[in-house]
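Below is a short report on one protein model and its two ligand shells.

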Amino acid sequence: MTEHSIEQPVEVRGSGGADNGVNPSESLLKVRNLRTSFFTEDGIVNAVDNVSFDVRAGEALALVGESGCGKSVTASSIMRLVAPPGRITGGEIRFKGRNLADLSEREMRKVRGDDIAMVFQEPMTSLNPVFKIGAQLAEAIRIHRDVSKKEARRMAGEMLELVSIPDPIKRLDDYPHQLSGGMRQRVMIAMALSCEPDLLIADEPTTALDVTIQAQIMELLAHLQKKLGLAVLLITHDLGIVAEFCERVLVMYTGRIVEEAPVRELFANPGHPYTRGLLESLPSLTASAAGVARLPTIKGMVPSLLSLPDGCKFNPRCPDVMDICLGNEPALMAISQGHAARCYLHGDQADMERIAAERRLPAAVDQGRGQESRASKGVLSPGGVQPVPEGRGL
Ligand SMILES: Nc1ncnc2c1ncn2[C@@H]1O[C@H](COP(=O)(O)OP(=O)(O)OP(=O)(O)O)[C@@H](O)[C@H]1O
Ligand code: SF4
Ligand SMILES: [Mg+2]
């Protein structure tokens, strides 16, 4: 266990889901060893690399990490919306037992909306500017439900009411440009929820909005999550939002999950130096009271996915780097119940599963990453904390 801990500037909501009626054993979505690759002119980019996690029924799970670490590609992989030159190149996405990776496009269209819905950062990209809000909502409802136009319009009004849009019936006849950014995002949430999905993926749902409206939209999402028993996978840069809204967190770096923990545990006792860096760059009340002008930031840049370092992918930026970190990539190591980090500070196990998988990959993939095979280096000694097997969750 690391001795590092940080001040906790914000009130943390999560306690591992025990207080919100979530059954921890019930996994709605099981992502196992997911790999999504982009076949670019410069080489193969594994934007999501051997990623495994569960989303439990009714929980709010956060996916955090710096720009470019693979959060949105993870979301679009779950929705099977990765566009060329990208495609899913490995793993499973099991939703209520079915592997979404095996479904036909027609079957997948039914899953989108009926089972899993998504809200994006910029609602204008998803709303059609030439159709009224009511018509767009009613059409979304009729795609998934066998109801008359009149009934769909009535349901559309109900949905606007659910997302607390004032004068909902009147608003049905508005065009998207007649609504503010916050109201448009409410409409998108209404549209996403209109077919009663079990899982909502929200990719930076408030980033385009001003701070007051951000808070209102997050409150709305939290309210709907509880009221509808919805599972939410929230993608965000904002750890303040994570603390208030989520029960568990996944931290991503260079396409990998590097830490997984209940929110409270992550804030009190971050296990990965990268997570620590993210938390240390959060504004703290004590820091501003003490007149600290600049927040610490993580040194260095996120490396290109085409030329990742050997060993731990965070080693060029890590304040705790050791010799072992330059050899084989660490496995995800258990720290405590539900808490694991991909870091040698918690044991000395290499990620043999990943190394074996990389041996099986075509040569072009290794070339694309600018890496030699790491399997032969043998830096590790046996023993230490057992790694959490990838593909089984926590
Ligand atoms: N169309 C594409 N072509 C090639 N590479 C891509 C493409 N889309 C994404 N990638 C690669 O996937 C990586 C992850 O992208 P992703 O959009 O998932 O990042 P993110 O974590 O959502 O970042 P942000 O916080 O900025 O939204 C990128 O760094 C890039 O290398
Ligand atoms: S494995 Fe080593 S380099 Fe990587 S985060 Fe841990 S201490 Fe730092
Ligand atoms: Mg993104």
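## Ligand shells and sheet

Helix H1 gives the largest share of the shell around ligand 1, 3 residues. The model is predicted: local features need pLDDT of at least 70, side-chain atom pairs count only at pLDDT 80 or more, and totals for chains, interfaces and linings use all residues. Residues are numbered from 1 along each chain as its sequence is written, while chains are lettered from A and ligands numbered from 1 in the order in which they are written.

Of the 16 residues around ligand 1, Ala47, Ser67, Gly68, Ser72 and Val73 come nearest. A residue is near a molecule if its C-beta atom, placed from the backbone, lies within 6 Å of it. Strand E1 (27-40), strand E2 (43-56) and H1 are the elements that give two or more residues to this shell. Around ligand 2 there are 14 residues, and Cys312, Asn315, Cys318, Cys325 and Cys343 come nearest.

The table divides both shells by class; Ala, Val, Leu, Ile, Met, Phe, Trp, Tyr, Cys and Pro count as nonpolar, Asp, Glu, Lys and Arg as charged, and the others, Gly among them, as polar.

| Shell | Nonpolar | Polar | Charged |
|---|---|---|---|
| Ligand 1 | 7 residues | 8 residues | 1 residue |
| Ligand 2 | 11 residues | 2 residues | 1 residue |

H1 (residues 71-78) is mostly covered, with 8 of its 8 residues buried. Buried means that 20 or more other C-beta atoms, placed from the backbone, lie within 10 Å of the residue's own. Among the buried residues of H1 are Lys71, Ser72 and Val73. Arg80, which follows H1, has a positive phi near 55°. Across the protein, 45% of the 394 residues count as buried.

The protein has 13 helices and 12 strands; these are DSSP runs numbered from the N terminus, helices (H or I) of at least four residues and strands (E) of at least two. An open sheet of 8 strands has the order E6-E7-E8-E3-E9-E10-E12-E11, with mixed pairing. Strands E6 (116-119) and E11 (333-336) stand at the edges with a single partner strand each, so one side of each has no neighbour in the sheet. E6 pairs with strand E7 (residues 199-203) in the parallel sense over 4 bridges, where pairing takes at least two DSSP bridges between the strands. Met118 stands opposite Ile201 in E7.

Conventions: A residue is buried if 20 or more other C-beta atoms lie within 10 Å of its own, exposed if 12 or fewer, and partly exposed in between; C-beta atoms are placed from the backbone.
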